[in-house]
Amino acid sequence: MEKDIKILAIETSCDETAAAVVLNGREVLSNVISSQIKLHTIYGGVVPELASRKHTENINPVIRQALSEAGMTLSDVDAIAVTYGPGLVGALLVGVSEAKAIAWAAHKPIIGVHHIEGHISANFIENKDLEPPFLCLVVSGGHSHLVKVVGYGEFEILGRTRDDAAGEAFDKVARAIGLGYPGGPKIDAVSKTGNADAIEFPRAKVAGAEYDFSFSGLKSAVLNYLNSCEMKGEKIVTEDVAASFQKAVVDVLVEHSVHAIRETGFKKFALAGGVASNSALRTAMEEACKKEGVAFYRPSPILCTDNAAMIGAAAYYEFIKGNVSGYDLNAVPALKLGER
Amino acid sequence: MKLIGIDSSGMTASVAILEDDIVVAQYSVNHKKTHSQTLLPMLDEISRMTELDISTVDAIAISKGPGSFTGLRIGSATAKGLGFALDIPIVEVFTTDALAYNLCGTDKLVCPIMDARREQVYTGLYEFVKNDDIYMMETVLPASALAVEDIVARINEIGREVVFLGDGVPVYRDTVKNIITVPYSWASPNQNRQSAASVAALAAGKFKNGEFVNADAHVPEYLRLSQAERERKEKLARE
């Protein structure tokens, strides 16, 4: 057995200030998340400048707590990892600057990690047997990717969204039907009592790109439906709208995923990202995988949301490949998956 | 006593190492490249060049604001990370105070002006008073966000000769010329921008007086709300 590798990971790409200590990329020794949801709720979404300010306030106590819950001090860790993109540039910069300074002062290597690679790697934490290759559907507030995970840190993107991310569509529709922010969990909750077949919303296909997604048309269809109800004086059943919208999203995600499973012949499928917590998506995807005879993986909800444990998991595989960053590591808000 | 000074509040990225009465090293760059790419490599460079044993550093001196929000946070997060890892405190200095301190010893009034957009400057007014055999800086007007017309009006009222410096000078030179009624001058190129040596030198006095904060507690001093907060406040005030 090789030496144990303990990584202190930091994540500040959006509205969660998070730090974690991860052992050998698979075992979470601590996972601290300080959410800013309350701060942003009155604005109906994440305000980048406020998020950046809050990260600066929160970051040291969050890191301190992560080390303390892991029962160690800075000198015990082997490397520092940090999300350097994609995300809100101001928010990313807080984590990147802090992580680099800690690494420099403590004489530890610094590893810049791609946020989506983190989400995908969240699956390694609770599924010790999961190894590439596998297919992964990454769905969150900022991303919708269907990805072939060829090896650790090696990806081929099959499909991506052409406009809104799935989670973004959830947020926008939730706002339109008066559920507020954050939209994903709220739509998920009210949909449980709604009729998902009440309204037939469109399932968009992108011409010439069989794995790509498009959710802005669906969002517009919901808004049009709400407008026309209002004009006709018809009663809007929020639960039905939410459930029908959610089903339209889930149908497309599952259909594309099943298509990819069949075409690639991959035997393992994983969900990742904030929307992977959506109960309808989980159930539908699990059933689809069972039907296709494919093993289904998904992280627990706490590892689906933005967190640093997933960054520590991804960083481990970069670290053992020798992929460490320099002190000039910068935040890259539009960083592409598979780029370094 | 050993301090690391940092200023990334504007276009200038500047780091310095101060040991007692000597600036052991200073590295300043005025270039468009982002501070997150330059600041730590610069600190790494001067530390290696001067064989700094970082475990002997007593505190981090930071230019806490006002300034570019993002620039301030890069500096602050760097300072907080250093403070955390080395378990040392942070000495906070207003950006305008440190800028004024570039001209320590002048008998003129000193007025830093930093371009704050939205037709304002981050500014302040300072003077130097001799105390025994050294000059001490006194604050006449603390760091503020003001229209350049307002700060010049204040200077006219005081009626003393003034030296201007900072990145607001090229932006507001003509405006100042048109409305100022007292003798004035512009600071020279070697003194007219943020300097981490000034931050550290000013911080040294504070550190000796016990004026420092824990690295966890340090946050920038923006002097301004975010746009979203401001608009929300305005909206609520209208309703």
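Modeller: I will begin with Arg117(B), which counts as exposed because it has 8 C-beta neighbours inside 10 Å. The terms work as follows: a residue is buried if 20 or more other C-beta atoms lie within 10 Å of its own, exposed if 12 or fewer do, and partly exposed in between, with the C-beta atoms placed from the backbone. This is a predicted model, in which local features need pLDDT of at least 70 and side-chain atom pairs count only at pLDDT 80 or more, while totals for chains, interfaces and linings use all residues. Residues are numbered from 1 along each chain as its sequence is written, and chains are lettered from A and ligands numbered from 1 in the order in which they are written.

Arg117(B) is found in the loop between strand E6 (109–115) and strand E7 (121–131) of chain B, where helices (H or I, at least four residues) and strands (E, at least two) are DSSP runs numbered from the N terminus. Most residues other than glycine have a negative phi. Arg117(B), however, has a positive phi, near 60 degrees. Arg118(B) lies in the loop between E6 and E7 of chain B, and its phi, near 45 degrees, is a positive value in a residue other than glycine. With 9 C-beta neighbours inside 10 Å, Arg118(B) counts as exposed.

Eight residues from domain 1 of chain B and six residues from domain 2 of chain B take part in the contact, two residues being in contact if their C-beta atoms, placed from the backbone, lie within 7 Å. For chain B, the secondary structure comes to seven helices and 10 strands, and 49% of its 239 residues count as buried. A compact globule of 239 residues would have a radius of gyration near 18 Å, and chain B agrees because it has 18 Å; this radius is taken over C-alpha atoms, and the globule rule is 2.2 Å times the number of residues to the power 0.38.

Chain B also meets chain A: 27 residues of chain B are in contact with 31 residues of chain A. Helix H1 (35–49), helix H2 (69–86) and helix H7 (227–238) of chain B are the elements that give two or more residues to the side of chain B that touches chain A. The largest share of that side, 13 residues, comes from H2(B).

In chain A, five strands form an open sheet with mixed pairing, in the order E8-E7-E6-E9-E10, where two strands pair if DSSP finds at least two bridges between them. Strand E8 (154–160) and strand E10 (295–297) of chain A are the edge strands, each pairing on one side only. From one strand to the next the twist averages 25 degrees. Strand E6 (residues 134–139) and strand E7 (residues 144–151) of chain A run antiparallel and are joined by six bridges, and Cys136(A) stands opposite Val147(A) in E7(A). Helix H8 (residues 238–264) of chain A packs on the sheet, touching E6, E7, E8 and strand E9 (268–272) of chain A, and its direction makes about 160 degrees with that of E6(A); axes are lines fitted to C-alpha atoms, for helices over the stretch in contact, and angles run from 0 to 180 degrees between N-to-C directions.

Phe170(A) and Val173(A) are among the buried residues of H5(A), and the buried residues of H5(A) pack against E6, E7, helix H6 (183–191), helix H7 (216–232) and H8 of chain A.
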